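User: I would like to learn how to read a protein structure feature by feature. Please take me through one.

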Amino acid sequence: MHKKRIYGPKGPFYHTAIFREIMKSLLLATFIVLLSSGAFATEATDLRAKGVQAASNGNFIEAQKYLSQSAKLGYYTAQVEYAYLLESSPDNVQNRPESYAWFNVVVARKGTDTEFAKEGLSRLSKAMSSSETQKAKELTKKYLEQYAK
């Protein structure tokens, strides 16, 4: 019995060519993802460094700006530092409910600063008013969903 060969519209290697194109596309997509995650890590690190530098120069508003961005990108160390900055800075930067939420993110991530974050939560729980506590709980729920990865 003779089997009839079925060829694509462009010959017997047409499907191989499609496979190669798909593989090229997948490899390119993987390469782009790897590059972007490296850029992401570098961006978060750079933002944190700018925030730390600003804080060391006494510019807490700039520190807040940079540490916030880095923390929101998921950089654990920036999350710890941002929580502390919001707790301990002058009034124009201080935000106890947000600090409370970030300390909860740090605790949820179970990193090296978990005990420090728990101490911060304890201090804040004693210092916050009832309206601040309510806001802190709302922010904590939101932040845990967004940033505790």
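Analyst: Start with burial. A residue is called buried under 20% relative accessible area, exposed over 50%, and partly exposed in between, using a 1.4 Å probe and protein chains only. Glu87 has a relative accessible area of 12%, so Glu87 is buried. The model is a predicted one: local features need pLDDT of at least 70, side-chain atom pairs count only at pLDDT 80 or more, and totals for chains, interfaces and linings use all residues. Residues are numbered from 1 along each chain as its sequence is written, and side-chain values use heavy atoms, with hydrogens and water left out.

User: How many helices and strands does the protein have?

Analyst: Helices and strands are DSSP runs, numbered from the N terminus; a helix is H or I with at least four residues, a strand is E with at least two. Here there are 6 helices and 0 strands. The pattern along the sequence is therefore written α-α-α-α-α-α.

User: What share of the residues counts as buried?

Analyst: The figure is 30% of the 149 residues. For the surface, accessible areas come from the Shrake-Rupley method with a 1.4 Å probe, and for residues only the protein chains shown count as cover. The protein exposes about 9,900 Å², and carbon and sulfur atoms supply 58% of that area.

User: How do I read the packing of two helices?

Analyst: Each axis is a line fitted to C-alpha atoms, for helices over the stretch in contact, and the angle runs from 0 to 180 degrees between N-to-C directions. Helix H2 (residues 60-72) and helix H3 (residues 76-88) pack at about 145 degrees, with axes 9 Å apart. A crossing is left-handed if the near helix is turned anticlockwise from the far one by less than a right angle, and right-handed if clockwise. H2 passes H3 in a left-handed crossing.

User: Which residues of H2 and H3 meet?

Analyst: Contact means heavy atoms within 4.5 Å. From H2, the residues are Phe60, Ala63, Gln64, Leu67, Ser68, Ser70 and Ala71; from H3, they are Ala78, Gln79, Glu81, Tyr82, Leu85 and Leu86. By class, this contact has 8 nonpolar, 4 polar and 1 charged residues. For these classes, Ala, Val, Leu, Ile, Met, Phe, Trp, Tyr, Cys and Pro count as nonpolar, Asp, Glu, Lys and Arg as charged, and the others, Gly among them, as polar.

User: Is Gln79 buried or exposed?

Analyst: Gln79 lies in helix H3. Its relative accessibility is 0%, so Gln79 counts as buried. Leaving out residues up to four places away in sequence, Gln79 touches Ala71, Gly74, Trp102, Val105, Val106, Arg109 and Tyr147.

User: With which side chain does the side chain of Gln79 make a polar contact?

Analyst: A polar contact is a pair of N or O atoms within 3.5 Å; within protein, one must be able to donate a hydrogen and the other to accept it, and residues adjacent in sequence count only if both atoms are side-chain atoms. The partner of the Gln79 side chain is the side chain of Arg109, at 2.7 Å.

User: Now return to Glu87. What does Glu87 touch?

Analyst: Glu87 is in helix H3. Beyond residues up to four places away in sequence, Glu87 touches Gln94, Ser99, Phe103, Gly120, Arg123 and Leu124. Arg123 belongs to helix H5 (residues 114-127). The side chains of Arg123 and Glu87 make a polar contact of 2.6 Å. These two residues are 36 apart in sequence and 9.1 Å apart in space, C-alpha to C-alpha. Arg123 has a relative accessible area of 35%, so Arg123 is partly exposed.

User: And Phe103: where is it found?

Analyst: Phe103 is found in helix H4. Phe103 has 0% relative accessibility and so counts as buried. Setting aside neighbours within four places in sequence, the contacts of Phe103 include Tyr84, Glu87, Phe116 and Arg123. Phe103 and Phe116 are 13 residues apart in sequence, with 8.7 Å between their C-alpha atoms.

User: What is the phi of Lys110?

Analyst: Lys110 has a positive phi of about 55 degrees although it is not a glycine. Lys110 lies in the loop between helix H4 (96-109) and H5. With 71% relative accessibility, Lys110 counts as exposed.
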